[in-house]
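Keep the sequence beside the structure as you read.

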Amino acid sequence: MHLTDIPFGVTTWADVPATDHPGERGAATWRTRQFGAVRVRMVEYSAGYLADHWCEKGHVLLVLAGQLDTELADGRTFTLRPGESYQVADHAEAHRSSTAVGATLFIVD
């Protein structure tokens, strides 16, 4: 990741408009800021959420609340709790998210 031409700024996430993204089950609510090629999001998954796709985009993801289950296409699974994060490169390992209890995430990609 190369961060350039981004002046110092403060984001009040509650003021960023929300967009809804239905999953195979449940829904995700995104609050998104774009800084050049860098997308920064606060994402909330509803309880019972299951992504409707396998993602190949690279991310740095931090769990702020709840619990996130991440499944890789090769069958490995990981459960992340508040204060835990993962990172994956673009096109490195397809992954998808789910949560039984809901989760709030901070994601940079």
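Leucine 64 is partly exposed, at 41% relative accessibility. That class lies between buried, under 20% relative accessible area, and exposed, over 50% (1.4 Å probe, protein chains only). Leucine 64 sits in strand β5. Strands here are DSSP runs of E with at least two residues, helices are runs of H or I with at least four residues, and both are numbered from the N terminus. The model is predicted: local features need pLDDT of at least 70, side-chain atom pairs count only at pLDDT 80 or more, and totals for chains, interfaces and linings use all residues. Residues are numbered from 1 along each chain as its sequence is written, and side-chain values use heavy atoms, with hydrogens and water left out.

What does leucine 64 touch, not counting residues up to four places away in sequence? Its partners are Met42, Pro82, Thr104, Leu105 and Phe106. Contact means heavy atoms within 4.5 Å. Glutamate 84 is 20 residues from leucine 64 in sequence, and their C-alpha atoms are 8.1 Å apart in space.

Stay with β5 and look at its pairing. Strand β5 covers residues 59-66 and runs antiparallel to β8, with 4 bridges joining them. Two strands count as paired if DSSP finds at least two bridges between them. Valine 60 has glutamine 87 in β8 as its bridge partner.

Next comes β3. This strand, residues 38-45, has 6 of its 8 residues buried, so it is largely enclosed by the rest of the structure. Which strands pair with β3? Strand β2 is joined to β3 by 8 bridges, in antiparallel fashion. Strand β10, residues 103-108, is also antiparallel to β3, through 6 bridges. In the β10 pairing, arginine 41 stands opposite isoleucine 107. The hairpin of β2 and β3 has 2 residues between the strands, and there glycine 36 takes a positive phi near 60°.

Now move back to the loop between β1 (18-22) and β2 (27-35), where glycine 26 is found. Glycine 26 is partly exposed, at 37% relative accessible area. Leaving aside neighbours within four places in sequence, glycine 26 is in contact with Ser46, Gly48 and Tyr49. Histidine 53 is 27 residues from glycine 26 along the chain, and 13 Å separates their C-alpha atoms.

Glutamate 24 belongs to the loop between β1 and β2. Is glutamate 24 buried or exposed? With a relative accessible area of 53%, glutamate 24 is exposed. Its contacts, again leaving aside neighbours within four places in sequence, are Leu50, Ala51, Asp52 and Arg96. Glycine 48 is 24 residues from glutamate 24 in sequence, and the C-alpha to C-alpha distance is 9.8 Å.

Another set of strands can be traced from β4. An open sheet of 4 strands has the order β4-β9-β6-β7, with antiparallel pairing. At its edges are β4 (49-50) and β7 (77-80), each pairing on one side only. Strand β9, residues 95-99, pairs with β4 over 2 bridges in the antiparallel sense. There tyrosine 49 stands opposite threonine 99 of β9.

Step back to the whole chain. It has 0 helices and 10 strands. Buried residues make up 33% of the 109 residues. Among contacts with a separation of 6 or more, 58% are between residues 24 or more positions apart.

How does the overall size compare with a compact globule? For 109 residues such a globule would have a radius of gyration near 13 Å, and the chain, at 14 Å, agrees. The radius is taken over C-alpha atoms, and the rule is 2.2 Å times the number of residues to the power 0.38. The C-alpha trace spans about 40 × 30 × 25 Å along its principal axes.
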